[in-house]
Amino acid sequence: YGGTPATTIGSTTDASGGDAPITYSWRSSADGYTADVAGATLSTYTPPAGLTATTSYRRYAKDGSCSTTAAVSIGSWTVTVNPLPTVNPITGGATSTCVGSLTPAFTNTTPGGTWSIVDGTGSATVNAGVVTGVTAGNVTVVYAVTSGSCSSTATIPLIINPNHPAPTAATPSRPTCSAGASVELSGLPASGNLLQNDGTTITTIAFTSSTHTVTGLVPGTYRFAVDNGCTITYSAPVVVVANTYSGGTWTYGAPTSDDYIDFASDYTVAADVTYCSVRVSNNAIVTVDGKKTLTVTNGVHVVAGSQLIFEDSSSLMQTTTNKTINTGTIKYKRKSTKIRQADYVYWSTPVYNMTLGAVSPLTDPTKMYAHNGSGWIYKPGSTIMVEGKGYIIRGPEGTSNTVRNDFEATFTGTPINGSITSEVMTGNKFYLIGNPYPSALSADELISNNSNLTGTLYFWTHNVPVVLGGAYQYGADDYAVYNLSGGTGVGTPAGSGTIPSSGNNNSAPTGFIGAGQGFFAGIKTTGTISFTNDMRTGGLDINGLPLNGQFYKPGKNSKGTLLEKHRIWLNMTNTEGAFKQLLVAYVQGASNAYDDRYDGESFDANKYVDFYSINENTKLAIQGRGLPFADTDTVPLGYRSAIAGDFTISINNVDGNMTTQKIYIEDKSTGKIHDLTESNYTFTTAIGTFTDRLVLRYTNKSLGTGDFENIEKGITVSVKDKAVKVVSSNEAIQDVTIFDVAGKLLYTKKKAGTSELVISNLQSSNQVLLVDITLENGYKTTRKIIFQ
């Protein structure tokens, strides 16, 4: 069908009779033998190719004169056209294979056919439809079906891919945190994909030339191969080496903050250092000295058999917020204050999977507790400590109950890093929470970034000794107190002369919560609180003391949030050791109304003494007051005493402008106003609670009540057409200063020496302003105006 006839028809014997010459023509059955076949003028005829049906042919002849009409000279010939066999498309197989590899079987549903390969740029063999690649390039797979002398084929292209050899790798560069390491690979095809295998993960990398540089490699062992779907042949191992400490030397010389570090030998971190990543291997023991900070940009990895030890007051800081980046275990040592056997220490874990029993293995296992907001809940020693949650654990059995001894806990586990969310806590309750990190935690940042906290934190300090008898008793003034205004300490223990009087933790909190420290915080509404890496701190304060050194024993004057603060710490004591401290702070952000971020209530549960300031009928261990400070301000003080006798009020500390400010205590019971900057004030009290006897003030009232009233009435401050006018009818004006309510200084005039001062062109929007006025006799007052 559609083929070329196999023979020529007709006869070589010429027609006979008639006049010469004889001429011939051919006609076919296709048109009923009516028309001559063009060009067919011989005695023989070759039928054309491409016939699609069986066709008969006749030869006609005529002579020159006798037979002018052509007549059939010899019978007819028939060309039989056989139909071509039908072949279905090829299925199965593959679009490509590799040299030396077999394809899945190609198939064809037409029976009786045969398979073959037509080589192109490549070559292959085929057997029962399964093709084997021989050389790389293109080939054609053929399936042929034959019927009689006719055949049909189906074809499909196939690519034979080469098996690429392994790339050749150069020596990798020194890895850095900023760029990683790089290595050049050669012996590649013109383009394609590379496989990068680090032993755990295989990464695909595209390339477009016969050499390619792979970048961003961290320390480890890599192998590379060309990936085209054929046999993968990996390169020799490419080892990216960290800056490794081994046998007293470093691979690349002295390490930098951009280095990946591998400690393969024992090492002591004796200074604050920063590294990209830290690995401890080869059974090495690495120790971070106390008061030192190890800062790591990425992860900490401790190989089994090796140790990374953080001594007490050291810190681990991490830049990454990845919670799961650290591997292996560290040992973090935390010394509490000196304790007696009956003392409870407030703990929190800086590592994962730490049990309560492992904190103090020699403690009676029935003396371990958490707090549920309503009371203490016993926890067995097998309890896994929850990050961000506080626990109390009593001192080890066998420890003295009269002499304090050092106690050191070792937290062993993977160091905690990244954001931590506490368990859900019920509103209007106090909960025992804790620092979840192996570094100090900024109390200011914790308070400022958790609106659900009441804002005041309470730290247990073990200063009041146990009372031996039927039960152990503790005083609530063992809690040092801290909020955004500052902190108060607890001093020496209270009690009679028969009670030991050596204090344990006399310092006020300065805003940095040590690693492993648990503490109480008030919760406003039911919900959670958050801890983040941004709250973590390390290093030293301005006095060279470790910010992570408090447990509980911070250095003074630590750097903190840069708020303007002018503060006074007052102590109330007696000669037998009774002690309570309060703080009055004039601080940026506070107001003279109650503010739970700046005002902290006294727990008032100690059996001997309480001492507090009063605002809105609330007894405050810490009171924050608004800026600007005016020496006309007065602060009512109150106290409660279970001891009749003499007590002394003294200045413990001052900062800011209070270092030059006169500070007085007014005793309304005796009518005295005493200058505390000159000497302490001692007074006699009965047992009881007294809320209207004492006043903290900043003038000695030497002008007399009537003079004060006259001066107040003689000073006027007015605003007209955006001009501020200050008039003093009784005394000349010395200084005038104007602030906005946020405490920003807008105007100041020194040594005015006039009774009337007009301030024009004040650069201020329409708002409430505070005008601080000082007269030449030293009298000060602050007036509030609406500037518009």
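Modeller: Helices are DSSP runs of H or I with at least four residues, strands are runs of E with at least two, and both are numbered from the N terminus. By that rule the protein chain comes to 3 helices and 65 strands. This is a predicted model, in which local features need pLDDT of at least 70 and side-chain atom pairs count only at pLDDT 80 or more, while totals for chains, interfaces and linings use all residues. Residues are numbered from 1 along each chain as its sequence is written, and side-chain values use heavy atoms, with hydrogens and water left out.

Colleague: Why is Arg 783 called buried?

Modeller: Buried means under 20% relative accessible area, exposed over 50%, and partly exposed in between, with a 1.4 Å probe and protein chains only. Arg 783 has a relative accessible area of 19%, so Arg 783 counts as buried. Arg 783 is found in strand β65, residues 780-787.

Colleague: Why is Ser 281 called buried, and where does Ser 281 lie?

Modeller: The relative accessible area of Ser 281 is 8%, which is under 20%, so Ser 281 is buried. Ser 281 lies in the loop between β26 (277-280) and β27 (285-288).

Colleague: What makes the pair Ser 281 and Asp 262 a polar contact?

Modeller: A polar contact is a pair of N or O atoms within 3.5 Å; within protein, one must be able to donate a hydrogen and the other to accept it, and residues adjacent in sequence count only if both atoms are side-chain atoms. The side chains of Ser 281 and Asp 262 are paired at 2.8 Å, so the pair is a polar contact.

Colleague: Which residues does Ser 281 touch, not counting residues up to four places away in sequence?

Modeller: Contact means heavy atoms within 4.5 Å. On that basis Ser 281 touches Asp 262, Phe 263, Ala 264, Val 303 and Ser 306. Phe 263 in turn has contacts that include Tyr 245, Trp 250 and Val 286.

Colleague: What makes a set of residues a nonpolar core?

Modeller: A nonpolar core is a set of buried Ala, Val, Leu, Ile, Met, Phe, Trp, Tyr and Cys residues joined through side-chain atoms within 4.5 Å. The largest nonpolar core has 36 residues, and Phe 263, Leu 308, Trp 347 and Phe 411 touch the most other members.

Colleague: How much of the protein chain counts as buried?

Modeller: Of its 788 residues, 48% count as buried. Among contacts with a separation of 6 or more, 63% are between residues 24 or more positions apart.
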